[in-house]
Amino acid sequence: MVVLSAARWVRSRLTDRFWRVQEVLKYARHFRGRKNRCYKLAVRSVRRAFVKSTKARREKKRFLRALWITRIEAASLEHGLKYPAFISNLAKSQVELNRKVLADLAIYEPKTFKSLAALAQRRRQEGFLAALGDGKEPEGIFSRIVHHH
Amino acid sequence: RYVRQLQRLQLLFSPTAADARGARQFVEEAAQDFARQHPDVVLYVSPHSGPGPAPVLRAEYLNGTVRDELIASKTSEEILQLATKLASQSGLDIIRIRKPFHTDNPSVQGQWHPLTNKPSSLTVQGPRLQPQ
């Protein structure tokens, strides 16, 4: 710690204003217009940018989930299934894959996704038979539930 | 087997400057113990006489990155903490990692393209039949 006598303290000058200004401007370099050069405008813009990025973290989760749902819907429609039918029948068949993984499978492993769609379709048919057939037919194979205790 | 990513630590300071007091104390007391505890790091102590740049602890890593840490007006314990922290780091730059995963082969079955689930009659041309 630098200890100065009282008289000198009054006369000391601010010498690192440049670096204090650069600390703020470095976050504004990719902005448009005078906000990327002028400190007074940049301070306001940088603060708003930080606030927006903090708040957007909650929105990002919603946005990505909607994106996954869109992609799964498109992929399942290619195989003749609608999204609600696909997701509900997968859940009833105890396939606990989340939407992120399903979207990645739909993009990178199309054959796996096709087999998942076929599984959901089969489970759907068995559900219809169980609901409408009433009694005499045996229970569906893919409708069996495994209990993990 | 663990390979330490820190190659060498250079302690650049001036023997007379006031803010290099912590650096001088570190060299006198803790530098030898630090060097013994980390045998795969080379510690260079280079005092430059006269008024020069601020005292700095320069760390060089195996992938080539050089990291300078100011040690002006720091105590010997703080410099020791800094040195151990640098010794445990790798030389990768300290920025936000966008994704914690990476693959060179993301697709095993072949990435989806608009013609994956269409009948192959759209793309394949069968043998052209001779006119009979």
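Trainee: Is B:Ser73 buried or exposed, and what is its relative accessible area?
Mentor: In this predicted model, the classes rest on relative accessible area, computed with a 1.4 Å probe on protein chains only: buried means under 20%, exposed over 50%, and partly exposed in between. B:Ser73 is exposed, and its relative accessible area is 59%.

Trainee: What is the phi value of B:Ser73, and how are residues and chains labelled?
Mentor: Residues are numbered from 1 along each chain as its sequence is written, while chains are lettered from A and ligands numbered from 1 in the order in which they are written. As the model is predicted, local features need pLDDT of at least 70 and side-chain atom pairs count only at pLDDT 80 or more, whereas totals for chains, interfaces and linings use all residues; side-chain values use heavy atoms, with hydrogens and water left out. Although B:Ser73 is not a glycine, its phi is positive, at about 55 degrees.

Trainee: Which residues of α1(B) does B:Ser76 take part in meeting?
Mentor: B:Ser76 is found in helix α3 of chain B and, at 5% relative accessibility, counts as buried. Contact here means heavy atoms within 4.5 Å. Together with B:Ile79 and B:Leu80, B:Ser76 forms the α3(B) side of the contact, and the α1(B) side consists of B:Gly22, B:Ala23, B:Gln25, B:Phe26 and B:Glu29.

Trainee: At what angle do the axes of α1(B) and α3(B) cross?
Mentor: Axes are lines fitted to C-alpha atoms, for helices over the stretch in contact, and angles run from 0 to 180 degrees between N-to-C directions. The axes of α1 (residues 21–29) and α3 (residues 76–88) of chain B come within 8 Å, and their crossing angle is roughly 75 degrees.

Trainee: How is the orientation of α1(B) to α3(B) described?
Mentor: Angles under 35 degrees count as roughly parallel, over 145 as roughly antiparallel, 65 to 115 as roughly perpendicular and the rest as oblique. The crossing is at roughly 75 degrees. Helix α1(B) is therefore, relative to α3(B), roughly perpendicular.

Trainee: Why do the buried residues of α3(B) line one face of the helix?
Mentor: An α-helix has 3.6 residues a turn, so residues three or four places apart point the same way. The buried residues of α3(B) are B:Ser76, B:Ile79, B:Leu82, B:Ala83, B:Leu86 and B:Ala87. Seen down the axis of α3(B), they line one face because they fall within an arc (taken over the directions from the helix axis to the C-beta atoms) of 135 degrees.

Trainee: Which residues are exposed on the other side of α3(B), and which elements are included in the cover of its buried residues?
Mentor: On the other side of α3(B), the exposed residues are B:Glu77, B:Gln81 and B:Ser88. The cover of its buried residues includes these elements of chain B: β1 (6–13), α1, α2 (31–37), β3 (56–61) and β4 (66–70).

Trainee: What arc do the buried residues of α1(B) cover around the axis?
Mentor: In α1(B), the buried residues are B:Gly22, B:Ala23 and B:Phe26. They sit on the same side of α1(B), since the arc that they cover is only 100 degrees.

Trainee: Which residues are exposed on the other side of α1(B)?
Mentor: The cover of the buried residues of α1(B) includes β1, α2 and α3 of chain B. On the other side of α1(B), the exposed residues are B:Arg21 and B:Glu28.

Trainee: Which residues does B:Val41 contact, leaving aside its neighbours within four places in sequence?
Mentor: B:Val41 lies in the loop between α2 and β2 (42–47) of chain B and is buried, with a relative accessible area of 8%. With those neighbours left aside, its contacts are B:Arg4, B:Leu6, B:Gln7, B:Arg8 and B:Leu9.

Trainee: In chain A, which residues does A:Ser45 touch, not counting residues up to four places away in sequence?
Mentor: A:Ser45 lies in helix α3 of chain A and, at 16% relative accessibility, counts as buried. Under that exclusion, A:Ser45 touches A:Phe31 and A:Lys35.

Trainee: How many Å apart in space are A:Glu73 and A:Val10?
Mentor: A:Glu73 is placed in helix α3 (residues 39–78) of chain A and is partly exposed, with a relative accessible area of 35%. A:Glu73 and A:Val10 are 63 residues apart in sequence, and their C-alpha to C-alpha distance is 70 Å.

Technical notes:
Helices (H or I, at least four residues) and strands (E, at least two) are DSSP runs, numbered from the N terminus.
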